[in-house]
Amino acid sequence: MSRSSDPAVSGLELWQWRQEARAAAIAANVPVEELDWLLLSVSDLDKLALRLDSYKGRGHIPLNRPLAQLKEQWQQRIQNRVPVQYLAGVTPWRNFSLGVSPGVLIPRPETEWAIDLALNAAQSESRPHPDTPLTEGDWADLGTGSGAIALGLAEVLPNITLHAVDRSEEALAIAQENALNLGYGDRIHFYCGSWFEPLHPFQGLNRLRGIISNPPYIPTALLRELEPEVAHHEPAIALDGGPDGLDCIRHLIATAPTYLSPGGILLLEMMAGQAPAVTELLQDQGSYTQIEIFSDLAGIERFARAYRS
């Protein structure tokens with residue numbers, strides 16, 4: 001942020017615009033804290049400086065984009081409900097700062113819990129087939145999007161190799177860039193295709209130690225009822241789970257056993273109200289054991305986890 005070629009603005013000019021932008025946010029019912037989050041992502045300011053307005057007297061504040069562009073982008077947030085993460089081009093997730101664009105779903109805080117659930121399952125002393133080590137070998141992240149889950153797994157399970165799949169080339173480009181920027185480019189292999197298709201060489205080998213997915217799970221009819229930030233700007237391909245929201249989950253549950261090692265983990269994210277149906281799908285498939293449902297911090301049943309029997 002300190003390069004002389006960066007756009008810059010005076011503290012007074014930035015302060016004046018911030019007051020206008022805050023007022024516009026309040027009038028449009030947009031959380032005002034999003035404005036400061038955006039400013040933190042494009043400048044060298046910190047939270048204390050914004051809270052105390054101590055930057056107001058600075059003559060030179062470097063920005064990573066011209067103030068005129070920043071003003072235009074904030075108007076997009078106010079008028080068109082563009083998510084602030086897309087405006088900034090980044091979003092925080094676990095210990096990472098991930099690049100995002102309208103080509104990928106914005107990683108949600110609740111999905112962070114998936115990494116801990118996977119780690120706990122891999123290290124569990126009560127898991128089936130304890131002779132199969134789950135903290136090494138091959139794991140898959142299906143529908144990787146920005147690469148968040150694959151990166152989270154790579155961080156907490158340093159001895160595994162990740163296979164990250166997405167049908168969107170644009171999403172894969174972002175995921176690969178995130179992996180390279182965070183130093184995991186050599187641990188994660190990326191594939192373009194639908195679900196298991198690119199991993200066909202693994203089929204029947206029961207080689208994968210874990211499969212994790214945050215698939216599309218919203219019923220098609222509910223898409224139009226989502227908040228405009230999601231319905232109008234995030235990729236529908238990452239949201240639409242078919243008539244009952246379970247099309248992708250149904251496919252993953254049915255197909256995963258031919259890829260998973262005995263004792264391997266299947267972990268799926270879902271929406272509120274789907275836990276009974278997902279549990280039944282896992283039970284009826286017949287290849288899973290120790291089926292469990294886990295709630296997120298809001299108390300919503302969010303994850304289904306099972307081992308390959």
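Colleague: In which strand is the place of Arg302?

Modeller: This is a predicted model, so local features need pLDDT of at least 70 and side-chain atom pairs count only at pLDDT 80 or more, whereas totals for chains, interfaces and linings use all residues. Residues are numbered from 1 along each chain as its sequence is written, and side-chain values use heavy atoms, with hydrogens and water left out. Strands (E, at least two residues) and helices (H or I, at least four) are DSSP runs numbered from the N terminus. By that numbering, residues 301–308 form the strand that holds Arg302, namely β11.

Colleague: Is Arg302 buried or exposed, and with which side chain does its own side chain make a polar contact?

Modeller: Buried means under 20% relative accessible area, exposed over 50%, and partly exposed in between, with a 1.4 Å probe and protein chains only; Arg302, at 8%, therefore counts as buried. Setting aside residues up to four places away in sequence, Arg302 touches several residues, among them Glu110, Tyr217, Leu268 and Phe294, where contact means heavy atoms within 4.5 Å. A polar contact is a pair of N or O atoms within 3.5 Å, and within protein one must be able to donate a hydrogen and the other to accept it, while residues adjacent in sequence count only if both atoms are side-chain atoms. At 3.3 Å, the side chain of Arg302 makes such a contact with the side chain of Tyr217.

Colleague: How many residues apart in sequence are Arg77 and Glu229?

Modeller: Arg77 lies in helix α4, and it counts as buried because its relative accessibility is 3%. Its side chain makes a polar contact with that of Glu229 at 3.0 Å. From C-alpha to C-alpha, Arg77 and Glu229 are 8.9 Å apart in space, although their separation in sequence is 152 residues.

Colleague: How many of the ten residues of helix α2 are buried?

Modeller: What covers the buried residues of α2 includes α1 (11–27), α3 (47–52), β2 (61–62), α4 (67–80), α5 (84–88) and β3 (90–93). The buried residues include Leu35, Leu38, Leu39 and Val42. Helix α2, which spans residues 33–42, is thus mostly covered, and the number of its residues that are buried is seven.

Colleague: At what angle do α1 and α2 pack?

Modeller: Leu14, Trp17, Arg18, Ala21 and Arg22 in α1 meet Leu35, Asp36 and Leu39 in α2. Axes are lines fitted to C-alpha atoms, for helices over the stretch in contact, and angles run from 0 to 180 degrees between N-to-C directions. The two axes are 10 Å apart, and the angle between α1 and α2 is about 145°.

Colleague: What value is phi of His129 near?

Modeller: Most residues other than glycine have a negative phi. His129, in the loop between α6 (112–123) and β5 (137–142), is a residue other than glycine with a positive phi, near 50°.
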